[in-house]
Amino acid sequence: MPFPVEGMICISPLAPADEQLRGLRLVKSESEIALLETAALHSEKGLVSALNHTEGTIDAISYAVWEFTERVRVHVGEFGGCATGHVAAMQGGDASLYFVPPHGVLREGNLVRVEVTNMHAGYWSNAARTVVVGEPTAA
């Protein structure tokens, strides 16, 4: 037998809270800003360190794009990143808006786009760079 709830519960009309919630998340405390900056620093240091590892190796070693991508992830962790959510590297014609699994090796003269997301204490950062493999040309 159904339980009659009509008249037993006072139900207030629901009102959208989107604007109030959005405003609360836009305002960050000093400690939240510090956590965001730390997450960003981990991502930046990871990218730069992985790029530094390629210096002088492009002509001597066939650096696979997937290996470079993995080095970014490892270096982010070495600098304190807690979780890497997304790491991608694409070069040349593969650098599109759509994810393409990394393949091939880094080639002199190609443009490489690398992107990484990283979490620190629940706060996420996203960092990306487009770099030239080797020395840039005038073209």
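What order do the 3 strands of the open sheet have, and is their pairing parallel or antiparallel? In this predicted model, the order is 1-2-3 and the pairing is antiparallel. Strand 1 (83–91) and strand 3 (123–132) form the edges of the sheet; each has a single partner strand, so one side of each lacks a neighbour in the sheet. On average, and with direction ignored, neighbouring strands are turned by 10 degrees against each other. In general, strands of a sheet pair through backbone hydrogen bonds, in either a parallel or an antiparallel manner.

Strand 2 covers residues 111–120 and is joined to strand 3 by 10 bridges, the two strands running antiparallel. Within this pairing, M119 has W124 of strand 3 as its bridge partner.

Two helices lie across strands of the sheet, as the table shows.

| Helix | Lies across | Angle |
|---|---|---|
| Helix 2 (residues 30–54) | strand 2 and strand 3 | about 30 degrees to strand 3 |
| Helix 3 (residues 65–78) | strand 1 and strand 2 | about 150 degrees to strand 1 |

Is V65 buried or exposed? Its relative accessible area is 2%, and because buried means under 20%, V65 counts as buried. V65 and V105 are 40 residues apart in sequence, while their C-alpha atoms are 5.2 Å apart in space.

Conventions: Residues are numbered from 1 along each chain as its sequence is written. This is a predicted model: local features need pLDDT of at least 70, side-chain atom pairs count only at pLDDT 80 or more; totals for chains, interfaces and linings use all residues. Side-chain values use heavy atoms; hydrogens and water are left out. Helices (H or I, at least four residues) and strands (E, at least two) are DSSP runs, numbered from the N terminus. Buried means under 20% relative accessible area, exposed over 50%, partly exposed in between (1.4 Å probe, protein chains only). Two strands pair if DSSP finds at least two bridges between them. Axes are lines fitted to C-alpha atoms, for helices over the stretch in contact, and angles run from 0 to 180 degrees between N-to-C directions. Contact means heavy atoms within 4.5 Å.
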